[in-house]
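Colleague: I am new to reading models of proteins, and I would like to go through one slowly with you. Could you show me how to take each feature in turn?

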Amino acid sequence: MGMSLGDDTSREPAHDRGAPPTDTGKMVAAGVLLAIPLIALMWVPSYAKETPKLFGFPFFFWYQFLWVFICSAMTWTAYRLTLSARKGDRK
Amino acid sequence: MTPLAAGGGVNGVALTVLIVLFLIVTVAGFMATRFQRGDSLDTLDEWGLGGRKFGTWVTWFLLGGDLYTAYTFIAVPAAMFATGAVAGFFAVPYTIILYPIIFIFMARLWSVSHRHGYVTTADFVRGRYDDRGLSLAVAVTGFVATMPYIALQLVGIEAVLEVAGLGGGDNVLAQDLPLFVAFAVLAAFTYSSGLRAPAVIAFVKDTLIYLVIIVAIVYLPSQVGGWEGIFGAAKEKMATVNEATGKPTGAFIPGVGQGWAYATLALGSAMALFMYPHSVTASLSSGSRNTIRKNASILPAYSFVLGLLALLGWVAIAAKTNPVGLDGQPNPQLVVPQLFEDFFPDWFTGVAFAAIAIGALVPAAIMSIAAANTFTRNIYKEWLHKDATPAQEARVSKITSLVVKAFALGFVLTLDNQNAINFQLLGGIWILQTFPAVVFSLYTRWFHRYALLAGWAVGIVYGTVKAYQVINPATGKHFGGSLAEIPGLGDMGYIALTAFALNLLVAVVVSAVLNATKVSNGRDATRTSDYYADKDDPTVAHDLQRTNDLEAPPAR
């Protein structure tokens, strides 16, 4: 590898800049958006049932398929929120 | 009763198509290696590190090809077929909640890693605490936990070869012939071409898999009475009493008291996945801090496909697929290949088999390389041979990748093969115990290095003992499953998560004591701003450039 771990200080700034300025409200909103799918899917009794059916699929199955899209949308929104919450974070 | 082996004879056409596609892909991989660079593969960087600066779409393919494996198209449908939704369909919530979880911490890991040139989680832990012991624990865990995951890939390749009619006979050697063939191909492939060939082939693999899945999902349900009929047949089978256990065969949907099992399997697996060396390698190879976050919102497309694949296990129930091995014993792992052979013309069956086999080969190669890199960097160079030359490192890595696969072969031969999904879950038990040392340390140094090590040890021992105690009621073998009673709760849960809770408890208590008594927590080589650095940071840019110079990305 030719380099030792954590010792490559040659290019580091003279002092630590700390965390970049952050819009806390937006970060909290992003956190909530990320937490919702977790809570929803961990709460198994809320969806472990057969009805109502959709296209022959019991509720248990189509409901979880639906969460693929909901989670995707929420993660995307959280991504946009974190981008705008931190000037230091860009694409 | 001894059902007639449906795949009794050699399926000549399917086998030929399989072998031809396999050869084309392998040759293409080797040629790509040769055309891209004139240099030899004699340095570790060249052999074992992927190109960096991958954008969103390349990362999407790379991660997808990396993460969705034989687990997806062999083990999950097999579990659905054999014991139903709790054992199989948890993979869907698992691969959904995975992304919010990595969204949260992966950007920090990316930044600090590129700021300091870390390529493994053990590197990071070493830098964060300057503690060789904790770093070694993380490295060894990553190395060992990858083995059962590779074993699962071998089972996948073996299943395809077996249904195609390869292997069989009445002596032990002949019975395991498909396995040894799979092992030999994988070993030769990885040894000679390193990470470059799998990266090229990943695109071919994904295309083949999507083709096969779309055809299967559009065509098969109409052949077996539609989705109503499929769910009906599955419900009926799962309610039937199993003779071996005296209980229902499985769960159609999780019943009362099974919610914990379903939820903990999903959560434990999701937290574990991005601790594996191969997942970390793929994530760090993305081009900027936020690429992985953007990916987190488009990777769930794979989860949808995974759900459909899982349901193929139930399509097979409705289709009355009879997965019987060449030894005459029923083997659920064969259910998807058998389903294809029963319903599709031979040539398409061959294409499907090739998709599965290549789809298992690629991640197995990547996994064994990532595990070998971890060994070389964090064990060999750190502990055994500090002054190793780049050529020595590369050689050690290559040999280690063979050793990893040999151990994986050992897993397949000794553990209960009937339920291959347990390989993945067993690896998950171990790798999850590195989560506190890696992820919590990204945010805080409140946890003490010795406390993290103690927690890790407790989690590993508890998890392994508990998993050993699980006996498959049908075969009587140990390591027969990964669910055990959650102490104090009474319901069954994923052992990995129970062990993790114990791990965390020990880490918190011991940290409180050690912090109060002012025991040194090591020197921290990182600083706050490291965790936010992006590609425009000079040090990060330098690191990206360094790895990029070493290897032009083969798949851009």
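Colleague: How many salt bridges does a search of the whole structure find over all chains?

Modeller: Please keep in mind that this is a predicted model. Over all chains, the search finds eleven salt bridges. One of them joins B:Arg115 to B:Asp530, with the closest N and O atoms 2.6 Å apart. This pair links distant parts of the chain, since B:Arg115 belongs to helix α6 of chain B and B:Asp530 to the loop between α23 and α24 of chain B, 415 residues apart.

Colleague: Is B:Arg115 buried or exposed?

Modeller: The word buried is used for a relative accessible area under 20%. B:Arg115 has 1% relative accessibility, so B:Arg115 counts as buried, and B:Asp530, at 0%, is buried as well.

Colleague: Which residue forms a salt bridge with B:Arg126?

Modeller: The partner is B:Glu382, and the closest N and O atoms are 3.1 Å apart. Because B:Arg126 lies in helix α7 of chain B and B:Glu382 in helix α18 of chain B, the pair ties together parts that are 256 residues apart in sequence.

Colleague: What span should α22(B) have, at 1.5 Å a residue?

Modeller: With its 21 residues, α22(B) should span 30 Å, and its end C-alpha atoms are 30 Å apart, so the two values agree. Among the buried residues of this helix are B:Arg449, B:Leu452 and B:Tyr462, and the buried residues of α22(B) pack against several helices of chain B, including α7, α20 and α23.

Colleague: Where is B:His448 placed?

Modeller: B:His448 sits in the loop between α21 and α22 of chain B, and B:His448 is buried, with a relative accessible area of 0%. A polar atom of its side chain lies 3.1 Å from the backbone nitrogen of B:Tyr450. Among the residues that B:His448 touches are B:Ser511, B:Leu514 and B:Asn521.

Colleague: What area is buried between chain B and chain A?

Modeller: The size of an interface is often given as the accessible area lost when the parts come together. Here the buried area is about 5,100 Å², and carbon and sulfur atoms give 67% of that area. In this interface, 61 residues of chain B are in contact with 50 residues of chain A. The count between the two chains is two salt bridges, and in one of the salt bridges the side chains of B:Lys235 and A:Glu50 meet at 2.9 Å, N to O.

Conventions:
Residues numbered from 1 in each chain as written. Chains lettered and ligands numbered in written order. Predicted model: local features only at pLDDT ≥ 70, side-chain atom pairs only at ≥ 80, totals over all residues. Heavy atoms only, no water. Contact = heavy atoms within 4.5 Å. Buried area = accessible area lost by both parts, 1.4 Å probe. Salt bridge = Lys/Arg side-chain N within 4 Å of Asp/Glu carboxyl O. Helix = DSSP H or I, 4+ residues; strand = E, 2+ residues; numbered from the N terminus. Buried < 20%, exposed > 50% of the residue type's maximum accessible area, 1.4 Å probe, protein only. Polar contact = N/O pair within 3.5 Å; in protein donor to acceptor, adjacent residues only side chain to side chain. Expected span 1.5 Å × (residues − 1). Lists of a residue's contacts leave out its neighbours within four places in sequence.
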